[in-house]
Every structure is written in C-alpha cells, then in structure tokens.
Protein chains: 2
Amino acid sequence: MYKLISRKDKERRGQIITENGIIETPAFLPVATQATVKAMSMKTLRTLNVQAFITNTYHLYLRPGLEIINNAGGIHKFINWQKPIFTDSGGFQVLSLAQLRKFEKDGVLFQSHIDGSYHKFTPENNVDMQRNLGSDIMMVLDECTEYPTTEEYAKIAMERTLDWAYKAKQHFLETKALYGYKQYQFGIIQGSVYPSLRRECAERLVEMDFDGYAMGGIAIGETKENIRDIIEMCDEIMPEHKPRYLMGVGKLEDIEFAVKQGFDIFDCVIPSRNARNGTLFTDNGKILIRNAQYKNDFKAIDENCDCLLCRNYSRAYLHHLFRANEITGMMLATEHNINYYMKFMEKIRENI
Amino acid sequence: MYKLISRKDKERRGQIITENGIIETPAFLPVATQATVKAMSMKTLRTLNVQAFITNTYHLYLRPGLEIINNAGGIHKFINWQKPIFTDSGGFQVLSLAQLRKFEKDGVLFQSHIDGSYHKFTPENNVDMQRNLGSDIMMVLDECTEYPTTEEYAKIAMERTLDWAYKAKQHFLETKALYGYKQYQFGIIQGSVYPSLRRECAERLVEMDFDGYAMGGIAIGETKENIRDIIEMCDEIMPEHKPRYLMGVGKLEDIEFAVKQGFDIFDCVIPSRNARNGTLFTDNGKILIRNAQYKNDFKAIDENCDCLLCRNYSRAYLHHLFRANEITGMMLATEHNINYYMKFMEKIRENI
C-alpha cells in the first residue's frame with residue numbers, strides 16, 4: 001500500500017494507496033474527533049484539498065454508537081467523505097478522557113466521559129468496532145502511558161501493547177471488511193521516552209507484519225529533546241517499504257523535523273483548536289487575532305494566502321468577530337489554519 | 001426607489017432600487033446583528049441568493065465602534081458584502097438589551113450591555129452613526145414601547161418617536177453620504193396595539209416624506225390577533241409608492257399574512273436562531289433534530305431541498321452533530337434555514 005516516489009536523505013515522498021483514494025505523503029490529517037472537523041463542513045475540507053482525516057473509535061463508539069454508523073453504510077457514507085479515512089483505536093482517549101480506567105490482561109475497562117457508563121475495549125472488539133466504522137486505515141488498541149512514567153511501567157505497558165497488537169492482528173486476519181473496500185491495519189510503537197523500549201517495540205511489531213507503523217504517545221508533555229530523540233529513531237527502526245505515522249504531533253517545526261527523519265503522516269488538533277482560540281498561522285509567525293493591535297488593522301491575515309478569510313476579510317473584521325464571540329470567526333479561522341497546514345505539506349512534498 | 005411590478009389585491013411584487021443593487025420584493029432580510037449572520041460566511045449568504053441583510057447600529061456602535069467601520073471604508077467593505085445593507089437605528093436594542101435606559105426629550109441615555117458604560121443616542125447622532133456605517137437604508141431612532149403598555153404611555157412614546165423622526169429627517173437632509181453611494185432613510189410607525197395611534201403615527205410620518213416606512217414594535221409579546229390587527233392596516237395607512245417594511249416579524253405564517261396585506265420587507269432572527277437550537281424548517285413542518293427519533297433516520301432533512309445539508313447529509317448525521325455539540329451542526333442548520341426562507345420568499349414573489 002506504500003509507494004516510494006523520491007527520497008532525499010531520510011526524507012521520503014510517497015503515496016499511500018487505499019481503495020478510497022491515494023494520499024500523497026508526507027501528509028497531514030486534520031482531526032475529526034466526533035465525525036466532523038470542528039467548525040468545518042466536509043465540502044470545505046474538499047476545497048482545501050484535504051486528502052484524508054482521522055476520526056476516533058472511542059468517541060464514535062460512545063456517540064452516536066457504532067450501530068448507527070453501520071446502518072449508514074459506514075463512516076464514509078455517514079459523514080459524506082469519499083476519500084481515505086483513518087480511525088484511531090481510542091487507546092489514547094481512554095487515557096486522556098475516560099474517567100475511571102483499568103488495564104487488564106485482555107483489555108481496558110473504562111467509564112464514559114459523557115455519562116459515566118462502563119465499557120471495555122479489547123484488542124479484538126476494537127478491531128470489530130473499526131470494521132464497523134469502515135475506515136481505510138485502522139489503528140491497533142494500545143496502552144499509551146502518561147508522561148512522565150518510569151521505565152519499569154513503560155515496559156509493562158509496552159508488553160501489553162505488543163500482546164494486544166498480536167491479538168488485534170490475528171483478529172484482523174480472521175475478520176473481513178464490511179463495506180466492499182479493503183481496510184489496512186497499523187501497529188503502534190510505544191515505550192515512552194526510553195529509546196531501548198521504542199526499539200524493542202518496533203522490532204517486535206515489525207515481526208507481526210502490519211500494513212504500516214505509527215509512533216504513539218509522543219508530545220504529551222515530554223521535553224522537546226525527549227520528543228526529538230524518539231523521532232530521530234524513525235528511519236532506523238521503522239520499515240522502509242511501509243507508511244510511517246507520527247501520531248498527534250502537529251507543531252510545524254516538529255513536523256518539519258520529523259519529515260527529515262523519514263515520517264510520512266501526521267495528525268493533530270493544533271490547526272483547528274488554535275483557530276477556535278483565535279490563533280492563526282502565517283509565514284511570518286502566529287497571529288493572536290484577539291489582541292488589541294488588530295482592532296484597526298485592515299490588512300489580510302496573510303497576504304500570500306488564498307483562503308476565503310484572507311481573500312475577503314481584514315484582520316480588523318476577524319478581530320471583531322472573535323471579540324463578539326461570533327461562530328463565524330471560528331469558521332473562517334479554522335478554514336485558514338487547515339489551508340495553511342495543507343499548503344505547508346504541499347511545499348514539503350515539492351522539496352523532496 | 002420603489003418600483004411596483006405587479007399587484008394581486010393588496011399583495012405587491014416590486015423592486016427596491018439602491019445604488020448597491022436591487023432587492024426583489026417581497027423580501028426577507030437575514031439578521032447580521034454583529035456584522036455577521038451567526039454561523040454563516042458572507043460567501044454562503046451569496047450562494048443562497050440572499051439579496052440584503054440588516055445589521056444594527058446599537059451593536060456596531062458599541063463593538064467594534066463606528067470609527068473602525070469608517071476606517072474600513074464603510075460597512076460593505078468591513079464585512080465584504082457588495083449588495084444592499086439595512087441598518088436598524090438600535091431603538092429596539094436600547095429597549096431589549098441595554099441595562100439602564102432613560103428616555104429624555106432629546107434622546108435616550110443607556111448603559112451598554114457589554115461593559116455598563118453610559119451612552120446617549122439622539123435622533124441626530126444616530127443619523128451620523130448610520131452615515132458612518134454607510135448602510136443603503138437606515139432607520140430613524142424611535143422609542144419602541146414594551147408590551148403591554150397603556151394607551152397613554154404608547155401615545156407619549158409615539159409623540160417622541162414622531163418628534164425624533166422629524167429631527168432625524170432634518171439631520172439626514174443636512175448631512176451627506178460618506179462613501180460615494182446614496183443612502184435612504186425609513187420612518188418607523190409606532191403605537192403599540194392601538195390602531196388609532198398607529199394610524200396617526202403613519203399619517204404624520206408620511207407628511208415628513210421618508211423614503212420608505214416600517215412598522216416597528218410588532219411581535220414582541222402581543223397576541224396573534226393584536227399583531228394581525230396592526231398588520232392589516234398596512235395598505236390603508238402606508239403609502240403605495242414606497243417600500244413597506246414589517247420589522248422583526250419572521251414566523252412564516254405571519255410573513256405570508258403580511259404579504260397579503262401589502263408588506264414588502266421582513267427581517268427576523270428566527271431562521272438563524274432556530275437553526276442553532278436544532279430546529280429546521282421543511283415543507284412538512286419543523287424538525288427538532290435533537291429528538292431521539294432522528295438518531296437512526298438516514299433520510300435528508302427535506303428531500304425537496306437543494307441546500308448543502310440536504311444534498312449531502314442525513315438526519316442521523318445532523319442529530320449526532322447536535323448531540324455532540326459540534327459547531328458544524330449549527331453551520332449546516334443555519335444554511336438550511338436561511339435557504340428555506342429565501343426559497344419561501346421566491347415562491348411568494350412568483351405567485352404575485
């Protein structure tokens with residue numbers, strides 16, 4: 001499913017080929033946690049040339065429920081998006097959102113953050129859930145450790161992650177896609193900030209032969225040095241002929257760094273969340289549009305940008321919309337930031 | 001500025017001609033209180049064939065401030081809308097939003113609902129404000145009474161409204177448009193639920209020779225009968241050769257009734273506010289999309305509707321977005337409801 005197009009040192013330009021379309025890599029996936037990128041329509045995502053996005057098993061399992069999405073004919077039909085879709089297993093959301101959570105040998109027990117109800121994810125039922133969702137690329141259930149964590153506990157979590165990855169892979173092989181197109185399954189490398197654990201985890205996952213590999217549990221509070229130490233291992237420990245996905249990392253400088261180390265795919269809430277807070281990306285740095293300095297500034301947010309916001313509205317207007325708490329401001333800012341990220345990745349691809 | 005095209009009993013089809021474009025009437029104006037229709041971009045308003053909208057002097061005077069809009073080159077440039085724009089004087093918002101308010105002979109003193117600061121609107125400075133905004137059609141400052149109000153007080157408020165209308169007209173004649181296109185000024189008929197006051201107010205305003213006339217202070221708590229009694233006076237007391245505007249009335253059945261009585265223009269927050277609450281208009285009645293019955297309903301909101309929402313998404317998806325508190329849901333619902341109102345008015349025009 002991965003085709004290498006060109007290589008510059010460790011950097012790679014390539015394609016991830018799915019039956020719902022091709023993703024030119026390196027690529028950034030906007031996050032559609034609850035089956036929408038917040039404050040965006042799928043139509044706008046299309047006009048911005050978004051190639052794919054990631055949605056979340058934890059969230060969609062709890063609301064609206066997988067039966068609904070199955071009744072719709074899968075996630076593509078439910079949300080009206082014909083291009084590739086990734087689904088995260090929800091391992092990270094069990095860590096970050098669920099109230100009580102208890103890791104057991106065969107799975108993780110947790111309480112919904114919505115209504116406190118009890119649920120259990122196992123590596124096997126989690127594959128079934130993602131079969132029901134019908135994503136093009138599904139992720140295995142993993143145990144993402146909090147940061148900081150001891151090497152001892154990181155090893156326990158890694159062993160569980162590996163055990164679950166093996167079970168998820170077996171179950172994946174024993175089950176079928178439900179909606180007429182092929183699904184792929186990626187393994188997730190854990191091991192916190194400990195390079196030897198990361199290396200071991202990668203090696204053992206590679207033996208299981210997944211369709212692609214991801215680094216998980218990165219940028220959850222570690223120092224920049226910690227993060228870079230792990231990112232730098234990419235080309236050494238992740239197979240060359242398969243996609244390499246750096247999960248949840250979305251600072252532009254980190255993406256740039258990780259591309260140079262050989263990563264292909266990224267996802268993060270940063271462009272959309274920052275937009276809703278009034279932080280806009282430009283080639284000259286971030287603009288905090290709520291700041292008083294923009295009240296009377298009739299320039300475009302970014303004169304070089306071709307998005308709806310920059311072609312049509314001034315900083316003063318956007319400043320006003322944010323100060324007046326108008327949803328329209330969040331919509332325009334989100335469109336700008338997602339567009340910025342898409343263009344940023346385009347430039348990266350052109351330079352490889 | 002008003003051109004009659006056809007007439008059926010009291011109903012009239014016509015055009016309101018401004019230097020920024022023509023409004024085919026009867027027409028509905030979406031409300032852009034704070035310089036945007038909530039959860040919509042101007043681009044979407046254009047695709048829905050919105051002809052004009054109304055924004056508000058009270059709100060824009062307080063935030064962002066008229067100096068900002070003047071610096072932008074007027075409201076059209078500030079919000080990037082090249083077609084006609086109405087501005088309300090803010091008389092109604094002083095009643096409904098401002099904290100303290102005190103009506104004096106020469107104007108109304110009030111406290112901002114945002115920060116409690118003190119301000120005074122006079123008929124003259126309110127014209128200056130709307131000159132600064134640069135709307136195509138401005139409304140005079142009036143005293144809108146609460147409902148219920150005694151006939152005695154309604155008469156006091158009417159006399160003040162007439163006195164202010166006269167002053168506003170004089171000041172309008174003594175001042176000039178700032179942005180190179182002509183502005184028009186409409187008088188507002190007050191008089192609460194008392195037909196004799198409404199009649200007297202209309203007669204005396206007509207003597208002042210405004211460019212158009214509006215009924216104000218309607219649908220603020222009166223019975224349906226009260227409302228209809230006043231609306232029925234339209235053709236009798238409002239001049240034939242000028243536009244007739246029924247302010248703030250937006251229930252579909254009331255618009256239908258008022259068109260039959262000879263009204264040309266309507267504005268109301270109903271389509272956009274209801275959308276944000278999850279209430280959608282269809283030919284088969286309203287849909288309350290949060291209701292559980294839509295959880296598993298994969299039909300379009302309205303099969304006969306051509307809007308983004310109805311062409312692309314199911315009731316189940318919109319239900320999910322509202323239950324998950326996603327802004328995207330409000331955006332799609334707003335687009336649908338504004339489209340519904342535009343199509344509703346189109347049908348009304350075609351039948352005259």
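Mentor: A crossing of two helices is left-handed if the near helix is turned anticlockwise from the far one by less than a right angle, and right-handed if clockwise. This is a predicted model, where local features need pLDDT of at least 70, side-chain atom pairs count only at pLDDT 80 or more, and totals for chains, interfaces and linings use all residues. Residues are numbered from 1 along each chain as its sequence is written, and chains are lettered from A and ligands numbered from 1 in the order in which they are written.

Trainee: What is the handedness of the crossing of α9(A) and α11(A)?

Mentor: The crossing of α9(A) and α11(A) is right-handed.

Trainee: Why is α9(A) called roughly parallel to α11(A)?

Mentor: The axes of α9 (residues 224-231) and α11 (residues 252-261) of chain A come within 10 Å and cross at roughly 25 degrees. Angles under 35 degrees count as roughly parallel, over 145 as roughly antiparallel, 65 to 115 as roughly perpendicular and the rest as oblique. Therefore α9(A) is roughly parallel to α11(A).

Trainee: Which residues make that contact?

Mentor: I227(A), R228(A) and I231(A) of α9(A) meet D254(A), F257(A), A258(A) and Q261(A) of α11(A); residues are in contact if their C-beta atoms, placed from the backbone, lie within 7 Å.

Technical notes: Axes fitted to C-alpha atoms, helices over the stretch in contact; angles between N-to-C directions. Helix = DSSP H or I, 4+ residues; strand = E, 2+ residues; numbered from the N terminus. Contact = placed C-beta atoms within 7 Å.
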